[in-house]
Amino acid sequence: MSKIRIMSENLANKIAAGEVVEKCASVVKELVENSIDAGASNIKVSLVDGGLTGITVSDNGSGMDKEDAVLSFSRHATSKIYKDDDLFFIETLGFRGEALASIASVSEVNMDTCSGDVGTHVHIKGGVLDEVSATSARKGTTISITNLFYNTPARLKYLKSEATELNNCVQFIEKLALSRPDKAFTLINNDRVVVKTSGSNNLLKVIHEIYGLNVSSNMLEIKASSDDFEITGFVGKPGILKKNRNHFNTFVNGRIIRNNEINRAINDAYYTYKHEGFYPIVVINIATDPTLVDVNIHPTKQDIKMSKMDVLVKLLYETIKETLYNNLLIPNAIVDEKLNDVKTEFIEPAIYDKDTKVTEVIQTSLDLASDNSDEDNIIKNVSFKRLKLYPIGQVHGTYIIAENEDGMFILDQHAAHERINYEMIKKRFADEEPTYTDMLIPMSIELNTSDFEMFMANKQVLENLGFKIEEFGINTIIIKGHPTWLTKNFEGDNLKSIVDLVITNNRNFNKDRFLDSLAKMISCKMSVKANEHLSLEQMEKLLDDLVKCDNPYNCCHGRPSIMKFTSYELEKMFKRVM
Ligand code: ZN
Ligand code: ZN
């Protein structure tokens with residue numbers, strides 16, 4: 001029986017007006033999704049000039065007989081939906097039958113397909129069927145699109161440069177490959193292999209094939225489940241960051257999705273583990289009951305709406321945060337054998353470089369399994385708190401060199417001290433009965449009228465922390481005492497900046513946000529600066545305090561505080577081992 005059915009008129013109306021084919025990547029997307037729906041395990045996309053001149057997709061899927069091959073180009077033909085109700089239980093990727101028809105109406109299409117015995121060749125130009133003939137058989141489908149938009153000049157001019165069109169296709173195929181580790185994808189542009197995955201059904205291997213070894217060896221596995229959701233995948237260590245969120249690879253039931261709430265949860269989980277403006281690489285699949293998902297809200301089907309989103313977002317946030325907390329290591333300095341020099345992941349936050357990546361992809365022969373030496377170096381957070389680091393000395397009055405039996409450590413003294421103070425202050429903020437110190441010389445601050453009003457409206461927050469503040473004449477306040485944990489050197493101008501912080505935060509004053517920025521500000525100002533001499537005893541105290549922190553790896557702004565060179569890396573650097 002024919003696999004392709006004609007959708008009921010009613011259903012056709014339910015689906016928003018046809019998806020617009022607007023760029024080469026949308027053609028690639030439709031064709032490749034058809035290949036997946038046809039059960040293909042091997043899908044090859046060949047582009048000429050980024051797709052502008054030609055797009056060919058060939059697969060080893062089930063193929064079509066002559067009847068289906070012709071029917072597949074008619075509007076509302078789909079093999080995926082049989083009746084209205086099915087629309088809400090869609091398990092396949094594409095569901096709009098008209099995709100192939102609309103592509104065919106604005107281009108020239110050659111298709112060779114075979115479901116077993118005799119192959120069929122179909123040639124269509126501008127939506128008009130030109131030729132149907134028998135052809136030699138190879139199971140699967142090969143479909144070539146040329147002259148895209150040749151008959152719609154208005155659309156033709158919306159196509160971007162070759163580089164942009166290619167980049168869109170690459171991004172799509174990479175995400176798709178990450179969402180389907182069980183399928184082998186190849187993307188070729190002008191005879192150059194740009195993406196290649198092996199279909200090993202091993203997600204970490206696909207990550208390696210796409211991002212290269214430096215990334216794949218710095219991923220942490222995540223796993224969690226609740227009544228409604230099951231989360232699996234990998235999240236990058238904060239040492240490997242990107243300049244944008246393009247590498248938030250998120251899938252729901254294997255389908256690529258993009259959702260702001262989910263993205264925010266991922267980003268928040270990395271809070272203080274990274275610089276603002278940098279984003280981790282994550283590959284996360286969320287499995288859930290399809291009835292909770294509504295994929296129909298956007299024609300590109302990437303944005304989704306979901307019932308119980310709040311539950312999902314919380315589970316995701318907590319899972320990632322916990323994984324980072326339990327597994328984070330001090331970033332190891334990496335010895336790059338080819339260049340024979342040392343670079344650290346933080347100094348070079350792996351800004352995406354297409355050219356480098358392409359070479360990495362081509363050298364896919366690197367064996368993942370052989371690269372587990374890294375695992376020996378894993379110091380879990382818990383044991384980290386018992387770690388003893390011995391100071392050796394200071395470099396440029398800014399960095400501390402320390403050692404223990406595992407290797408050598410370099411610390412940024414300001415970042416480290418800032419982290420210690422930040423965590424101390426956050427704990428003090430939670431004190432029920434804050435202790436305070438009377439100031440020897442109370443400090444009066446004169447404000448303008450509006451600032452004064454704004455300050456008085458929220459001064460209670462400071463008072464709850466142990467500040468003693470009184471009105472002192474017109475538009476003037478006087479600070480008579482401060483919390484005990486605030487060091488003496490903090491009095492003076494620094495107190496003024498606390499008052500300023502209350503005033504600048506005044507618009508939509510949010511207590512939690514204010515307290516966090518207050519903690520950050522005070523901890524920065526209270527900490528040792530660069531170019532400040534420290535005695536060995538002071539360094540030892542700093543090291544002891546740092547290892548006890550919940551997150552000893554970054555300052556409160558996400559800058560790294562400590563780097564490690566393992567003994568092995570030192571030996572490798574100096575060629576004591578090969
Ligand atoms: Zn600072
Ligand atoms: Zn900082």
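User: Which conventions apply here?
Analyst: This is a predicted model; local features need pLDDT of at least 70, side-chain atom pairs count only at pLDDT 80 or more, and totals for chains, interfaces and linings use all residues. Residues are numbered from 1 along each chain as its sequence is written, chains are lettered from A and ligands numbered from 1 in the order in which they are written, and side-chain values use heavy atoms, with hydrogens and water left out.

User: Which residues coordinate the zinc ion (ligand 1)?
Analyst: Donors are N, O and S atoms within 2.8 Å of the metal (3.2 Å for Na, K and Ca); water is not among the atoms, so sites may look incomplete. The donor residues follow the spacing H-x3-E-x105-C. At 2.0 to 2.3 Å, the donors are His414 (NE2), Glu418 (OE) and Cys524 (SG).

User: How many residues apart in sequence are the parts tied together by glutamate 418 and cysteine 524?
Analyst: Helices (H or I, at least four residues) and strands (E, at least two) are DSSP runs, numbered from the N terminus. Both residues coordinate the zinc ion (ligand 1). Glutamate 418 sits in helix α14 (residues 413-429) and cysteine 524 in helix α17 (residues 511-526), so the pair links parts separated in sequence by 106 residues.

User: Is glutamate 418 buried or exposed?
Analyst: Buried means under 20% relative accessible area, exposed over 50%, partly exposed in between (1.4 Å probe, protein chains only). Cysteine 524, at 25%, is partly exposed. Glutamate 418 has 2% relative accessibility, so the class is buried.

User: How far apart are the zinc ion (ligand 1) and the zinc ion (ligand 2)?
Analyst: Glutamate 418 coordinates both ions. Their separation is 3.7 Å.

User: What separates the C-alpha atoms of isoleucine 55 and valine 27?
Analyst: Isoleucine 55 belongs to strand β3 (residues 54-59) and is buried, at 0% relative accessible area. Beyond neighbours within four places in sequence, its contacts (heavy atoms within 4.5 Å) include Val27, Leu31 and Ile143. Valine 27 is 28 residues away along the chain, and the C-alpha separation is 8.1 Å.

User: How many bridges join β5 to strand β8?
Analyst: Two strands pair if DSSP finds at least two bridges between them. Strand β5 (residues 108-114) has 5 of its 7 residues buried, so the rest of the structure largely encloses it. With β6 (residues 119-125), β5 pairs antiparallel over 6 bridges. With β8 (residues 140-146), also antiparallel, the bridge count is 7.

User: Which residue stands opposite aspartate 112 in β6?
Analyst: β5 and β6 form a hairpin with 4 residues between them. Across from aspartate 112 stands histidine 121.
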